[in-house]
Amino acid sequence: MGLLSFILGLAGCDQQRINELEEGVATEADVRARFGEPEQIWEARDMASLPMPGAAAEPGARTLEYNRQPAGQVNYMITIAPDGKMSALRQVLTPQNFAKVLPGMSMEQVRKMLGKPMKVTTYALKRETHYDWRYLNPPSTPMIFTVVFDADLRVLGTGSVDEESVNPRR
């Protein structure tokens with residue numbers, strides 16, 4: 001119960017932070033004042049290889065990654081345009097984004113799309129590596145999305161399971 005309260009509290013704090021930022025008005029300093037230091041900063045050239053990168057691939061843009069894994073169920077990518085203003089704030093752990101993860105994609109591309117995973121598991125004998133992210137399937141079903149990579153860290157496949165089937169409550 002304590003973990004659930006923490007997660008809900010964290011989600012509430014994020015929503016307040018998001019409400020305080022306006023696209024085209026908020027600056028990178030405003031974003032950092034509300035969210036802190038990002039997990040990762042991606043330059044425009046880093047994001048250009050993604051399916052439909054949008055403003056994140058505009059020359060001079062930077063994307064700040066704010067990870068809420070392993071306890072949370074969201075990851076945010078906040079794009080700062082070349083003029084220093086926030087041009088996009090996206091929660092990236094969604095079924096729509098998961099559908100863009102296709103066989104053959106590199107681990108780096110997936111990481112730039114979804115942010116840092118909650119867990120990475122290597123299966124040496126199978127020569128596979130699994131990346132897992134926690135998310136909420138609308139409206140409120142806790143799920144785990146898994147990407148399976150081959151030995152060259154290329155996507156073999158993906159899947160989602162209800163988190164309750166992996167971590168049953170006692």
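User: Which residues touch the most other members in the largest nonpolar core?
Analyst: Val 110, Leu 114, Trp 133 and Val 147 do, in a core of 21 residues. A nonpolar core here is a set of buried Ala, Val, Leu, Ile, Met, Phe, Trp, Tyr and Cys residues joined through side-chain atoms within 4.5 Å. Buried means under 20% relative accessible area, exposed over 50%, and partly exposed in between, using a 1.4 Å probe and protein chains only. This is a predicted model, where local features need pLDDT of at least 70 and side-chain atom pairs count only at pLDDT 80 or more, while totals for chains, interfaces and linings use all residues. Residues are numbered from 1 along each chain as its sequence is written, and side-chain values use heavy atoms, with hydrogens and water left out.

User: Which strand gives the most to this core?
Analyst: E7 does, with four residues. Helix H5 (107-114), strand E6 (128-137) and strand E7 (141-149) each supply at least two. Helices (H or I, at least four residues) and strands (E, at least two) are DSSP runs, numbered from the N terminus.

User: What does Val 147 touch?
Analyst: Leaving out residues up to four places away in sequence, its contacts (heavy atoms within 4.5 Å) include Val 101, Val 110, Tyr 131, Trp 133 and Val 155.

User: OK, new topic: the sheet. What's the strand order?
Analyst: The order is E1-E2-E3-E4, in an open sheet with antiparallel pairing. Two strands pair if DSSP finds at least two bridges between them.

User: Which strands stand at the edges?
Analyst: E1 (40-43) and E4 (86-91) do; each has a single partner strand, so one side of each is left without a neighbour in the sheet.

User: And how many bridges join E2 and E3?
Analyst: Six, between residues 62-67 of E2 and 75-80 of E3. Arg 62 stands opposite Ile 80 in E3.

User: Back to H5. Which strands does H5 lie across?
Analyst: H5 lies across E1, E2 and E3, running at about 85 degrees to E3. Axes are lines fitted to C-alpha atoms, for helices over the stretch in contact, and angles run from 0 to 180 degrees between N-to-C directions.

User: Is H5 largely enclosed or open?
Analyst: Largely enclosed by the rest of the structure, because six of its eight residues are buried. Among them are Val 110, Met 113 and Leu 114.

User: What comes just after H5?
Analyst: Gly 115, which takes a positive phi of about 85 degrees.
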